[in-house]
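Please open the model in your viewer and keep the sequence panel beside it, so that each selection below can be made by residue number.

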Amino acid sequence: MNSNEPIRDAKTLGTGKMLVLGLQHMFAMFGATVLVPIITGLSVSVTLLFAGLATLFMHFVTGKKVPVFLGSSFAFLGGYAAVVAAGEQYGLTQAQSLPYACVGVACAGLLYLVLAAICKAYGSKKIIRFFPPVVTGPIIIAIGMNLAPSAINNCATNWGIALVAIVVVVVCNIWGKGMVKIIPILLGVVASYLVAAITGNVDWTAFKEAAWIGFPIKGEETVFSLIGNCDKGLLLSAIVTIVPIAVATMMEHVGDISAISSTVGENFIEDPGLHRTLIGDGVGTAIAALFGAPANTTYGENTGVLALTKVYDPFVIRLAAIYAIVLSFCPKFAALVTCMPSATIGGVSLILYGMISAVGIRNMVENHTDFEKSRNVIVAALIIGLTIGINFSGSLGTTITPEVGNSATGAISFSIGSAQVNLSGLAVASIVGIILNAVLPDKHESEEHDSKLSGSLGKY
C-alpha cells in the first residue's frame, strides 16, 4: 500500500486490508454526509441508507469501473431552507415542509437524466459550454453566502463549543497528516461534541430512548406522504426553487469525475461515459429524495483517499457503501448524531458554507474566467445580487423571520391560477444567469475574431 505503484485489484492486499480500506472510505465521507441531514432536519439513518444504495447503483450503471462514492450534497441546503421558510407561510412545520423540498430535489435528479441523454446524443463538450464557470461559479458563491447567517445563529447558542469545532477543523486541515488531514470535519465534530458532553451541554434523552435496531424509512417523512394531501402552490414553489440548483451540481459532477479520472489515470468521461455517471448520480438523487434523504453528489473526500492510498479498486468504495447501509439500521446511532448541540453544527457549518463560496471562486479562477469582459461582470453581478438581495429582502412578497438553521427571508411571490408560487433568490438568479449568458454577445471575443480575420486578409 506504500508503494508508488497503484493497486487496481484490492484482492491482492488480502481480506483484512480490504475491509479496513472500505472502513476508511466510509469515515472519509461520513462527517459531511451526516452533517447535511443534521442541518436540514432530514433523517440521518435514511441518509446513510440511500448514500450506500446510490453508490452501489452508480457502480452498477458504470460497469463497476468508477471508484466514486455518492454522499450528501451541500449545494441544495439553500433550497431546503427556502422551502421550509415558505412552508411556514402555509402554517407547516419543518417536518411537514421537508417532503415538498424532497419533491424539488427528485425533479432536480431527473434533470441529470435530461443532460445525460443530450450528452449521449450530441457529445459532452457541446452541452457543457452552455453552463460555463461564469454562471456556475457565482451560483455556488451565492449558495454559501445565503447559508452563512444560519451558521452564525447556531454558533451563537454557545460560542465556546462552536470555537472548539472551528479550531480543530482548521488545525487538522492545515497541519494534519495522513488520515487526519482527510477527515478534519469529522474530527471537529467529535472534539466539539465531546467538550459539549463533558460540560453538560448535551440532552441525551433521544439517545436513551432509541432502539439498537430499526427500519430507517418512515412513511410520514417520504414524498409519498403528500399524495392526496399537499398544497399545489408550495409544491410548485419547491420545484422551481430547487431544480435550478442542479445546474451547479451537474457541473460539479463533471469536475469531480474529471478529478477522479486524473487521480486514477483513466478517462471515465469517455469510458464508461459521462452520460452513465450522470444517470447514476441523477437516479440516485431522485430515489433518495423520494424516501426522505438529501440529494447525493460525487464525493471529493473519497477521491482524496484514493490519492493517499493509491488503491484504485472500486470494490473498496462498494465496501464503504455496504457499511453505510448496515449502519442505517441502528436508530441508537442516528439518535447519537441528532443529540449533537447546535453550536457544534454551527462551528463546522460556518467553515463549510464559506468553503462552498470559496469553491465557486476557485471554479472561476481555475477556468480563467475573464472579468475584463463586461458581459461576464454583468452575468456574475446579477446572479449574486439577485440571490442575496431577494433572499434578505422583506419587500418582495413573502417576509419570513429568520430562525436558527434558517436564513431565508424573502422571495418573489406570484400566483398561477389558485396556486401561490414563491421563487427564492437562488432560483431567480440561476434562471437569469443562464439566459443572460446565452443571449449576451461576447463583444471582446468578436473583436478578437474580426482582428484576426483582418490580419489574415491583409496578408493577401
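**A tour by selection**

Start with His368, which counts as exposed because its relative accessibility is 67%, in a model that is predicted rather than experimental. His368 is found in the loop between H17 and H18, and its phi is positive, about 55 degrees, although it is not a glycine. Most residues other than glycine have a negative phi, and most peptide bonds are trans.

Is Ser357 buried or exposed? With a relative accessible area of 10%, Ser357 is buried, since buried means under 20%. Turn the view until you can follow the side chain of Ser357, which reaches the backbone oxygen of Ile141 at 2.8 Å. If residues up to four places away in sequence are not counted, Ser357 touches Ile140, Ile141, Gly144 and Met145.

Now display helix H6 (residues 133-155) together with H18, whose axes lie 9 Å apart and pack at an angle of about 25 degrees. H6 and H18 are therefore roughly parallel to each other, because angles under 35 degrees count as such, and their crossing is right-handed. On the H6 side, select Val134, Val135, Pro138, Ile139, Ile141, Ala142, Met145 and Asn146; these meet Arg375, Asn376, Val379, Ala380, Ile383, Ile384, Thr387, Ile388 and Asn391 in H18. The residues of this contact between H6 and H18 divide into twelve nonpolar, four polar and one charged.

The crossing of H18 and H19 is right-handed. To see the contact, select Arg375, Val379, Leu382, Ile383, Leu386, Thr387 and Ile390 of H18, and with them Gly425, Leu426, Val428, Ala429, Val432, Gly433, Leu436 and Asn437 of H19. Ten of the residues in the contact of H18 with H19 are nonpolar, four are polar and one is charged.

Move on to Thr297, which has its place in strand E2 (residues 296-298) and is buried, with a relative accessible area of 4%. Leaving aside neighbours within four places in sequence, Thr297 is in contact with Phe69, Leu70, Gly71, Ser72, Ser73, Glu252, Asp256 and Asp281.

From there, select Lys64, in the loop between helix H2 (44-61) and strand E1 (70-72). Lys64 counts as exposed, at 53% relative accessibility, and its phi is near 60 degrees, a positive value in a residue other than glycine.

For another backbone feature, go to Asp271 and Pro272, which are joined by a cis peptide bond with omega at about 20 degrees. Pro272 has its place in helix H13 (residues 269-290).

The last stop is Ile322, in helix H15 (residues 314-327), which counts as partly exposed at 41% relative accessibility.

Key:
Residues are numbered from 1 along each chain as its sequence is written. This is a predicted model: local features need pLDDT of at least 70, side-chain atom pairs count only at pLDDT 80 or more; totals for chains, interfaces and linings use all residues. Side-chain values use heavy atoms; hydrogens and water are left out. A crossing is left-handed if the near helix is turned anticlockwise from the far one by less than a right angle, and right-handed if clockwise. Helices (H or I, at least four residues) and strands (E, at least two) are DSSP runs, numbered from the N terminus. Contact means heavy atoms within 4.5 Å. Ala, Val, Leu, Ile, Met, Phe, Trp, Tyr, Cys and Pro count as nonpolar, Asp, Glu, Lys and Arg as charged, and the others, Gly among them, as polar. Buried means under 20% relative accessible area, exposed over 50%, partly exposed in between (1.4 Å probe, protein chains only). A polar contact is a pair of N or O atoms within 3.5 Å; within protein, one must be able to donate a hydrogen and the other to accept it, and residues adjacent in sequence count only if both atoms are side-chain atoms. Axes are lines fitted to C-alpha atoms, for helices over the stretch in contact, and angles run from 0 to 180 degrees between N-to-C directions. Angles under 35 degrees count as roughly parallel, over 145 as roughly antiparallel, 65 to 115 as roughly perpendicular and the rest as oblique.
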